[in-house]
Amino acid sequence: MQTRDPITNLINALTKLPGIGERTASRLAFFILNQPDELAENLASALIEVKQQVGYCTQCCNLTKDERCMICQAPKRNQNMICIVESTPDLRAIERTGEFHGTYHVLHGLISPLEGVGPDDLRIRELITRLGQSKIEELIVATSPSVNGEATALYLQKLVKPFEIKITRIASGIPIGGDLEYIDRVTLSRALSQRRELN
Amino acid sequence: MLIEGLRIRDFRNIEKAFIEPHHRFNVFWGLNGQGKTNILEAIYLLSAVKSFRPQTNNDLIRFHSLNAQLEAKVDRGGSERIVRLEIHSKGKAVFLNDQKVKNLRDFFGSINVVMFGPEDVRLLKGGPSARRKFIDRAIFNAFPGFAFVSQQYEEVLKQRNALLKKEAKIDPILLSTYNDQFVEFGSEIVFRRLTFLETFIPTLQSTFEDIFDASFTAHMEYSSQWLGEAKTQKDIADHLDRALENSVAEERSRRFTVVGPHRDDLSTQLNGKSLKAFGSQGQHRGFVLAMKIAEIKYLKERYHFSPILLLDDVSSELDRSRNQFLFEFIRHEMDGQVFITTTHRDYILLDEDLRYWEIDGGQIKPD
């Protein structure tokens, strides 16, 4: 809502951000107002730059300012292995482990008919194009083990079946350092049913 | 299972109360509309978080108060815990020994209650949803993990219905995805219901014979249009899968999921005749009483101690001999703690192990 008072406008704009209510918004607005002009100018230009320059990687749909993201460009990454994630923050979480040396594919959401999100609203078409273009050895579906995450994983599994590509799902179960006694029953029974052999 | 102390603050019409219940019988008496049922509701909420009567959080908070607080000190077979529930207009928070419970899954089962109130008499007469609620709540009481399965099922069902409703042309791969999830959780729900009934029905039958006499044979059956004779989870899943296939045309025109555990029912018979169609008022009440008592016996077997029994508005719904049976049962067959509300003390056929409170305008007075 645009009013004629610039302070109110700023507060209204800030409340649109996640996790920011009226009170925090007003605190932020007055903080910005009381700082040197530089802060406001930097913030404003950073906001505009990010919107103008950042787009989707043409290969994996990760957010990037280039045509292809850093990971897709890296010569050492295994281009034949794709880890499918819900969002860029999820991609970053996996990157931080340093364990994965393949490339990613970012869906930008999960399937949820209730919220009007179907497969066509996600970056699934781009994934299928990718499968047709190069020789992929393995797809790892790393969506969360929630109802929507599982539905999306199951959908992908059915969708890529004709391609005859190895498709795997990340494991879920007991966290490292976790105490069995305090693990909830569902996680525990899932962990039991997906146990692995020790020898 | 024992409530050793119960603290209530700004809940419904109760401003402040603290009671130390007897380990056996606790009777709250007073005129109607004074707040007797509110005490039972407080205990029920501490067990199930959701109430047995339809309400919003604001209904539970005393007029002009910010929030309501309920707290119970519970002895659970030797281990003691403090359960606290804070009710705010925007939500509820549960605390176990002063630690906030992040996932209700870890909390359920802390207090087990079985409730028997005036509305329950309509359990067998009304629509199937009340009977599904009865069986699912009984299973949940015994196996709290069941809550997760039914939540997942509800969520998948909602997604599937949204898909059927919104899309003019449904993506067949997406529909088959939701079918798989629907069958996975749906078959588990039905499997758990059948497993429950297997031990529950014989107990129900013998209880009913005790209440009436041996010439009456009570029976209860899982009633479903698609289940057939399936018993194992695998068979149930196959049947449910086929039922989905067979209802494609109907689903296309009605645009929601027409088969599944959310449409199933429990049917009840007396000497082979449908209770719903032919049963007398007294038989209905006796049957429901037997169901509740069988549920208590079932939980006792499961946990090796009795659940807490909440008896709301005793005697207005049962005739004298049924009433006598009920008190015989809670005195001799059951060793747990019982909370009773009544308008007349004469309805209470108990003479020992007993504590009375008088309820008057939200005030709880020992008596």
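Modeller: The contact draws 22 residues from chain B and 19 residues from chain A, where contact means heavy atoms within 4.5 Å. This is a predicted model: local features need pLDDT of at least 70, side-chain atom pairs count only at pLDDT 80 or more, and totals for chains, interfaces and linings use all residues. Residues are numbered from 1 along each chain as its sequence is written, chains are lettered from A and ligands numbered from 1 in the order in which they are written, and side-chain values use heavy atoms, with hydrogens and water left out.

Biologist: How much area is buried between chain B and chain A?

Modeller: About 1800 Å² is buried there, and carbon and sulfur atoms give 60% of that area. Buried area is the accessible area (1.4 Å probe) that two parts lose on being put together, summed over both.

Biologist: And how many salt bridges are there between chain B and chain A?

Modeller: The count between them is 1 salt bridge. A:Lys158 and B:Asp180 form it through their side chains, at 2.8 Å from N to O. The term salt bridge stands for a side-chain nitrogen of Lys or Arg within 4 Å of a carboxyl oxygen of Asp or Glu.

Biologist: Why do such side chains pair at all?

Modeller: Side chains of opposite charge can pair when their charged atoms come close.

Biologist: How many salt bridges are there over all chains?

Modeller: A search of the whole structure finds 21. One of them joins B:Asp120 to B:Lys292, with the closest N and O atoms 3.7 Å apart. B:Asp120 lies in the loop between strand S8 (113-116) and helix H3 (128-142) of chain B, while B:Lys292 is in helix H9 of that chain, so the pair ties together parts that are 172 residues apart in sequence. Helices (H or I, at least four residues) and strands (E, at least two) are DSSP runs, numbered from the N terminus.

Biologist: Are B:Asp120 and B:Lys292 buried or exposed?

Modeller: B:Asp120 is buried, with 15% relative accessibility, and B:Lys292 is buried too, with 9%. Buried means under 20% relative accessible area, exposed over 50%, and partly exposed in between (1.4 Å probe, protein chains only).

Biologist: What about B:Glu250; which residue is its salt-bridge partner?

Modeller: The partner is B:Arg254, and the closest N and O atoms are 2.6 Å apart. Both residues lie in helix H7 (residues 248-254) of chain B, 4 residues apart, or about one turn of the helix. An α-helix has 3.6 residues a turn, so residues three or four places apart point the same way. B:Glu250 is partly exposed at 36% relative accessible area, and B:Arg254 is partly exposed at 40%.

Biologist: Which residues do salt bridges with shared partners join into one network?

Modeller: B:Arg9, B:Asp10 and B:Arg62 are joined in that way. B:Asp10 counts as buried at 13% relative accessibility, whereas B:Arg9 is partly exposed at 31%.

Biologist: Let us turn to chain A; how many helices and strands does it have?

Modeller: Chain A has 8 helices and 6 strands. Its radius of gyration is 22 Å, well over the 16 Å that the globule rule gives for 199 residues, so chain A is more spread out than a compact globule. The radius is taken over C-alpha atoms, and the globule rule is 2.2 Å times the number of residues to the power 0.38. Along its principal axes, the C-alpha trace of chain A spans about 65 × 50 × 35 Å. Of the 199 residues of the chain, 33% count as buried.

Biologist: Which residues of helix H1 of chain A are buried?

Modeller: In helix H1 (residues 6-15), the buried residues are A:Asn9, A:Ile11, A:Asn12 and A:Leu14. Their cover includes helix H2 (22-34) of chain A.

Biologist: One last topic: where is B:His304, and what is its phi?

Modeller: B:His304 is in the loop between helix H9 (281-303) and strand S12 (308-311) of chain B. Its phi is near 65°, a positive value in a residue other than glycine. B:His304 counts as exposed, at 67% relative accessibility.
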